[in-house]
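Colleague: I would like to learn how to read a model like this one. Could you walk me through a few features?

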Amino acid sequence: MSLSLALLLAAGTAAPDYGNTQLPDPRAEAQARALMGELRCVVCQGQSIADSDADMAADMRALVRQRIARGESPEAIRHWLIERYGDYVSYDPPLSGATALLWTTPILLLALGAWIARSSFRKRR
Amino acid sequence: MKRALIWLPLGLFGVLFVVIAAGLMRPADTGVHSTLVDKPLPAFELAPMVPGKPGLASSNFGTGKPRLLNVFASWCIPCVAEAPQLMALKARGVPIDAIAIHDKGPAVAAFLRRNGDPYSAIGDDSRSRVQMSLGSSGVPETFLIDGRGRIVRQYIGDIRADQVDQIVRDMAATR
């Protein structure tokens with residue numbers, strides 16, 4: 001598999017356009033597709049690269065597929081892009097100082113709801 | 001306690017008002033900034049784009065003098081608008097190299113004939129590989145690379161006439 005890919009790449013122009021062509025291995029393609037849904041197209045900023053028609057998005061899809069085919073893990077590819085474009089490029093933001101509120105707000109709201117419910121039940125009694 | 005609470009909604013409204021008004025005053029920055037600024041230029045090697053002009057490799061940079069790396073394309077309209085500023089920078093002794101995105105040799109040659117040629121080398125980045133490795137998200141963008149091969153600055157969008165002096169100063173402040 002990786003040998004045939006290496007041969008394809010060596011042939012240069014004979015390599016398929018992975019921006020718009022699926023990988024031959026369905027498992028690798030599924031992996032690539034899952035990652036593409038979580039990466040932001042940096043040109044058309046509201047879309048994932050899976051949804052976007054921009055040339056740049058096709059180039060990013062090609063990058064994802066080629067690296068998956070080479071055996072790289074989706075997380076390594078995501079990390080490579082975050083190193084260059086920042087957390088912005090990923091739709092699955094890591095927990096950090098800036099995103100802590102994003103992750104903890106649901107828990108805080110749930111706790112607040114429980115507290116309000118408790119006090120209002122107590123009043124009724 | 002209860003009395004004071006009556007002012008809470010108005011207070012919250014005031015806070016929200018200030019936040020939204022401040023957001024409206026400030027022009028939105030929709031540029032995607034490369035996080036490679038202050039980091040070494042990634043290694044790359046690109047074939048020549050037009051006959052008679054060398055291709056571009058990362059080894060062209062970091063040779064003791066700062067250089068500009070312009071990301072452009074012959075199909076890009078803002079790149080036409082930027083061309084006079086690049087020519088002005090070249091005339092003031094600023095060395096400029098380029099990578100051309102999604103482009104063809106004859107198209108780039110025609111672009112250079114029409115708009116002038118400020119470049120010492122142009123690399124062919126037909127699939128945006130090097131552009132992505134730089135954390136660049138569109139054309140045109142220009143990177144200032146210092147004499148040690150580090151990315152010092154990223155100028156997003158076309159360079160305007162009023163930016164030329166600043167860029168010359170940035171170059172002078174960079175080693």
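Modeller: Gladly, and let's start with a strand pair. Strand E6 (residues 141-145) of chain B and strand E7 (residues 151-156) of chain B pair in the antiparallel sense, over 5 bridges. Helices (H or I, at least four residues) and strands (E, at least two) are DSSP runs, numbered from the N terminus, and two strands pair if DSSP finds at least two bridges between them. Please keep in mind that this is a predicted model: local features need pLDDT of at least 70, side-chain atom pairs count only at pLDDT 80 or more, and totals for chains, interfaces and linings use all residues. Residues are numbered from 1 along each chain as its sequence is written, while chains are lettered from A and ligands numbered from 1 in the order in which they are written.

Colleague: Which residue in E7(B) is the bridge partner of B:Glu141?

Modeller: That is B:Ile156. The hairpin of E6(B) and E7(B) has 5 residues between the strands, and there B:Gly149 takes a positive phi near 85 degrees.

Colleague: How should I read phi and the peptide bonds?

Modeller: Most residues other than glycine have a negative phi, and most peptide bonds are trans. Here the peptide bond from B:Val139 to B:Pro140 is cis, with omega near -10 degrees. B:Pro140 sits in the loop between helix H5 (129-133) and E6 of chain B.

Colleague: What is the phi of B:Asp38, and what is that of B:His102?

Modeller: B:Asp38 has a positive phi near 80 degrees, and B:His102 has a positive phi near 50 degrees. Look for B:Asp38 in the loop between helix H2 (8-25) and strand E1 (45-46) of chain B. B:His102 is in the loop between strand E4 (96-101) and helix H4 (105-115) of chain B.

Colleague: Is B:His102 buried or exposed?

Modeller: A residue is buried if 20 or more other C-beta atoms lie within 10 Å of its own, exposed if 12 or fewer, and partly exposed in between, with C-beta atoms placed from the backbone. B:His102 has 20 other C-beta atoms within 10 Å, so it is buried. B:Asp38 has 10 within that distance, so it is exposed.

Colleague: Where does B:Pro66 lie?

Modeller: B:Pro66 is in the loop between strand E2 (56-57) and strand E3 (67-72) of chain B. With 22 other C-beta atoms within 10 Å, B:Pro66 is buried. B:Pro66 and B:Asp146 are 80 residues apart in sequence, yet their C-alpha atoms are 4.1 Å apart in space. Two residues are in contact if their C-beta atoms, placed from the backbone, lie within 7 Å. Beyond its neighbours within four places in sequence, B:Pro66 has contacts that include B:Leu144, B:Ile145, B:Met171 and B:Thr174.

Colleague: And how do I find a nonpolar core?

Modeller: In soluble globular proteins, nonpolar side chains tend to be buried together. A nonpolar core is a set of buried Ala, Val, Leu, Ile, Met, Phe, Trp, Tyr and Cys residues joined through C-beta atoms within 7 Å. The largest one has 38 residues, and B:Phe72, B:Ala73, B:Ile99, B:Ala100, B:Ile122, B:Val139 and B:Ile145 touch the most other members. At least two residues of this core come from each of E3, helix H3 (77-91), E4, H4, strand E5 (119-125), E6, E7 and helix H6 (164-173) of chain B. A second, separate core of 24 residues includes A:Leu23, A:Ile49, A:Ala57 and A:Val64.

Colleague: How many helices and strands are there in chain B, and how many in chain A?

Modeller: Chain B has 6 helices and 7 strands. Its radius of gyration is 21 Å, well over the 16 Å that the globule rule gives for 175 residues, so chain B is more spread out than a compact globule. That radius is taken over C-alpha atoms, and the rule is 2.2 Å times the number of residues to the power 0.38. Chain A has 5 helices and 0 strands.

Colleague: Which residues of chain A does the UniProt annotation "transmembrane region" cover?

Modeller: The unreviewed UniProt entry gives residues 95-117 of chain A; UniProt positions are given in the numbering used here, feature names are shortened, and annotations may be inferred rather than shown by experiment. Over residues 95-117 the chain is 78% helix and 0% strand, with end C-alpha atoms 30 Å apart.
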